[in-house]
Amino acid sequence: MDFNLDNNADIAEMIHKGGIFMDVEGETSSEIYEKISKMINLPDGMTSEQVYNALCAREKVLSTAVGNGIALPHARSPIMKEEKDQRICVVYLKNPIDMKAPDERLVYVMFILLTQNSQIHLQVLSGLAGLFRSLRFRKALESKAGEAELLSLIRELDK
């Protein structure tokens with residue numbers, strides 16, 4: 001994947017690689033990170049403990065909740081060694097949790113970013129922020145859209 005976020009195709013590809021997880025249970029972000037880090041298909045040489053520890057360390061610094069019931073958990077420093085291993089895991093929570101969001105809404109969906117470098121990380125954040133501004137996209141998230149629907153919508157919103 002030659003990464004150049006001029007469009008949302010790379011975000012769609014990263015979500016396809018990371019997967020969509022439905023009804024993940026947990027009462028705190030760390031409980032959810034523990035469960036999800038064991039569910040993610042990780043590249044060779046990376047452990048679920050590394051992912052869990054990186055997500056928890058970042059969350060301790062500042063909440064990754066961005067509002068509208070959405071959080072963007074990520075590591076404080078790039079965690080993937082290879083560009084091809086980058087992924088975004090979309091995690092729908094069984095029960096929304098309080099992550100101290102700026103709008104005080106409970107978080108019901110997380111986009112866990114596992115990127116290779118800061119530049120790509122910022123490009124992905126910017127691309128996701130654009131998607132989150134779309135009411136259609138937020139409604140799809142609220143209805144717990146599956147992978148096919150979500151990826152189709154991401155590509156459509158790119159036009």
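Close-up 1. At 30% relative accessibility, N68 counts as partly exposed (buried is under 20% relative accessible area, exposed over 50%, partly exposed in between, with a 1.4 Å probe and protein chains only). This is a predicted model, where local features need pLDDT of at least 70 and side-chain atom pairs count only at pLDDT 80 or more, while totals for chains, interfaces and linings use all residues. Residues are numbered from 1 along each chain as its sequence is written, and side-chain values use heavy atoms, with hydrogens and water left out. N68 sits in the loop between strand 2 (65-67) and strand 3 (70-71); helices (H or I, at least four residues) and strands (E, at least two) are DSSP runs, numbered from the N terminus. Its phi is near 60°, positive although N68 is not glycine. Most residues other than glycine have a negative phi.

Close-up 2. Look for E104 in the loop between strand 4 (87-97) and strand 5 (107-114). E104 is exposed, with a relative accessible area of 69%.

**Close-up 3. Strand 5 and its partners, strand 3 and strand 4.** Strand 5 is mostly covered, with eight of its eight residues buried. Strand 3 pairs with strand 5 in the parallel sense over two bridges (two strands pair if DSSP finds at least two bridges between them). With strand 4, the pairing is antiparallel and runs over seven bridges. Zoom in on V109 of strand 5: V109 is the bridge partner of I70, and Y92 stands opposite V109 too.

**Close-up 4. Salt bridges at K38 and E34, and at D85 and K84.** The structure holds five salt bridges, each a side-chain nitrogen of Lys or Arg within 4 Å of a carboxyl oxygen of Asp or Glu. K38 and E34 meet at 3.6 Å, N to O. They are four residues apart in helix 2 (residues 29-39), so about one helical turn separates them. K38 is exposed at 58%, whereas E34 is partly exposed at 37%. For D85 and K84, the N to O distance is 3.4 Å; D85 is buried at 12%, while K84 is partly exposed at 48%.

**Close-up 5. The salt bridge of R136 and E156.** The closest N and O atoms are 2.8 Å apart. R136 belongs to helix 5 (residues 135-142) and E156 to helix 6 (residues 147-157), so the pair ties together parts that are 20 residues apart in sequence. R136 is partly exposed at 47%, and E156 is partly exposed at 37%.
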